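Subject: Model handover and notes

Hello,

Please find the model below, with the sequence. My notes follow it; please read them with the structure open.

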Amino acid sequence: MTALVRFKLAAYARSHRLFQPLIGLFAMLAVFYSSAVPPGSELSSYADSAGLLVVVFAWAARGLLDTEPATQRLISMTAAGRPGREVCAGLLAALAVNLGMATIAIVLPLGIGFAAVPSPGDLAQGIALHLLGLIAGTALGTLTSRPILPSPAVSMLVLFGGYLALLLISLTPVGRFTVPIMPWMRAANDGALGEALPTLAAATLFWSVAGVAAYVRLRRTRP
Amino acid sequence: MRLSQVSFRYSRRGPWILRDVELMLRPGSVIEVTGRNGAGKSTLLRLLAGIIPPSRGTVTDRPRVVGYAPDVFPVDQPFTVTDYLTHMTRVRRASPTAADELAVRLNATHLMDQPVGDLSKGSAQKVGLIQSLLAPPGLLILDEPFAGLDEQTRIELPVIIGEIAAGGGTVVVSDHQNQLQNFPGADHWLVAAGAVTAQTGERPRQAVIEVLVDAAEADEVEQKLRADGYTTRRAS
């Protein structure tokens, strides 16, 4: 399995697909931190960053999964011994890429964005929110990858449209029961993230796991 | 390995590609699969390889190591042949020298430093064959393996197939060009209208003997042999 994850990461790194979400990431970070964040507002910035980068994480996951040609996936499935291992290796590789991107999004403002270093508690919550963002983004990315949505146009529409829909629905009263991106941004802004985080995390993880489970199920007949 | 009552369709409302297929694959057997385009040969091969599960029915006792060479090797990959095969060797946990040994046998050593994307159809086919053979397969599935291969590899491939069968492996080859027509003891499956018809063991083992005769008597000897029902071929 590790060897297959490394194969997928190597293929992704050598193709030019990595640059697309990376440029998106740096463009967004440049906008977020164009003016210095005043002391005490770091967590609010992290919450916005984690929520808005969901679409970049989804884009990266989709790009990674689409790097491998369809027939190579069949070869990888037989080489790995079981189709499930190929699907799992793809998920792990996508998570690894997004962990790298989330690390950039957390570390970069410490150097150039924040006027002061955030408290350890704020830093931990910022990391937690980015983890939630990358998990939700990865799930959205898997559902828009080529085995599930073969048409690139439809896939891009579902990826960006799906993200916008998530944002808009999370603004409504039912928002807490979907992927609660807006609620976590608001909670961080109101200084109430600490007590809200377990509920927000549970809802995000529930929908992400449901999305990934649907992806794994669909891949059974869509190798 | 056995397929019992296996049916397959790609979606719940889609048409059945294969229906109620009953097949037995004995260890050491070589099976040639034929059928017109779109009959379901590739789907059958993917079911056998375990890439897709049957919609109904069961596949039991599939060997642990499965080698699969697709009909068209995917060249759209950012690796050299060596890098690609090194990755596949690690995925399969095969011997590090396996790729080089197979490259010698399949006349592919000159390809090793080339980018996969620059390979011709026949050369790409060889890389597909090499990766399928990296770990000695208990089940080897070759989808149209002879397409685009050079003469030397065309001759070598049946030898490799014979070796795997002799070692107790099962080899399934989909073959439009009937390159395995004279393969001794091969079973034949015909895929048509969602069904697979197996013709097992009908073809007796064959051998080639050379008979040296005076050129003047060649016609006479050939006529006698043909009258006795033998196939003859003039070597010069």
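Leaving aside its neighbours within four places in sequence, B:Leu48 is in contact with B:Ile141 and B:Val172. This is a predicted model, and what follows should be read as such. B:Leu48 sits in helix α1 (residues 41-49) of chain B. There are 24 other C-beta atoms within 10 Å of B:Leu48, and 20 or more count as buried, so B:Leu48 is buried. B:Val59 is 11 residues from B:Leu48 along the chain, and the C-alpha atoms of the two are separated by 7.8 Å.

Apart from neighbours within four places in sequence, its contacts are B:Leu45, B:Leu48, B:Ala49, B:Val66, B:Gly67, B:Tyr68 and B:Val172. B:Ile141 is also, with B:Ile130, one of the residues that have the most contacts inside the largest nonpolar core, a set of 114 residues. The element that gives the most to this core is helix α4 (residues 54-67) of chain A, with 10 residues.

Chain B as a whole

Chain B holds 6 helices and 9 strands. Its C-alpha atoms fill a box of roughly 65 × 45 × 30 Å along the principal axes. Of the 236 residues in chain B, 36% are buried. Taking contacts in chain B between residues at least 6 apart in sequence, 72% join residues at least 24 apart.

B:Phe146 is placed in the loop between β6 (139-143) and α5 (151-166) of chain B. Not counting residues up to four places away in sequence, B:Phe146 touches B:Arg154, B:Asp175, B:Gln177 and B:Gln179.

B:Arg93 is not a glycine but has a positive phi of about 50 degrees. B:Arg93 belongs to the loop between α2 (81-92) and α3 (98-105) of chain B, and it counts as exposed because it has 11 C-beta neighbours inside 10 Å. B:Ala193 also has a positive phi, near 50 degrees, in a residue other than glycine. The loop that holds B:Ala193 runs between β8 (187-192) and β9 (195-199) of chain B. B:Ala193 has 10 other C-beta atoms within 10 Å and is therefore exposed.

Where the chains meet

The contact between the chains involves 21 residues of chain A and 22 residues of chain B. On the side of chain A that touches chain B, the elements giving two or more residues are α1 (2-14) and α5 (70-80) of chain A. α5(A) gives the most to that side, with 9 residues. By class, this side of chain A has 13 nonpolar, 6 polar and 2 charged residues.

Helix packing in chain A

I looked at two helix pairs. In one, helix α7 (residues 120-143) and helix α10 (residues 193-219) of chain A have axes that come within 9 Å and cross at roughly 20 degrees. That angle is under 35 degrees, so α7(A) and α10(A) are roughly parallel to each other. The crossing in which α7(A) passes α10(A) is left-handed. Among the residues of α7(A) in this contact are A:Leu132, A:Ile135 and A:Ala136, and those of α10(A) include A:Leu197, A:Ala201 and A:Tyr215. The contact of α7(A) with α10(A) has 14 nonpolar, 5 polar and no charged residues.

In another pair, helix α3 (residues 42-52) and helix α9 (residues 181-189) of chain A pack at about 170 degrees, with their axes 8 Å apart. As this angle is over 145 degrees, α3(A) and α9(A) are roughly antiparallel to each other. From α3(A), the contact is made by A:Leu43, A:Ser44, A:Ala47, A:Asp48 and A:Gly51. From α9(A), it is made by A:Ile181, A:Trp184, A:Met185, A:Ala188 and A:Asn189. These residues divide into 6 nonpolar, 3 polar and 1 charged.

Regards

Key. Residues are numbered from 1 along each chain as its sequence is written. Chains are lettered from A and ligands numbered from 1 in the order in which they are written. This is a predicted model: local features need pLDDT of at least 70, side-chain atom pairs count only at pLDDT 80 or more; totals for chains, interfaces and linings use all residues. A nonpolar core is a set of buried Ala, Val, Leu, Ile, Met, Phe, Trp, Tyr and Cys residues joined through C-beta atoms within 7 Å. A residue is buried if 20 or more other C-beta atoms lie within 10 Å of its own, exposed if 12 or fewer, and partly exposed in between; C-beta atoms are placed from the backbone. Helices (H or I, at least four residues) and strands (E, at least two) are DSSP runs, numbered from the N terminus. Two residues are in contact if their C-beta atoms, placed from the backbone, lie within 7 Å. Ala, Val, Leu, Ile, Met, Phe, Trp, Tyr, Cys and Pro count as nonpolar, Asp, Glu, Lys and Arg as charged, and the others, Gly among them, as polar. Axes are lines fitted to C-alpha atoms, for helices over the stretch in contact, and angles run from 0 to 180 degrees between N-to-C directions. Angles under 35 degrees count as roughly parallel, over 145 as roughly antiparallel, 65 to 115 as roughly perpendicular and the rest as oblique. A crossing is left-handed if the near helix is turned anticlockwise from the far one by less than a right angle, and right-handed if clockwise.
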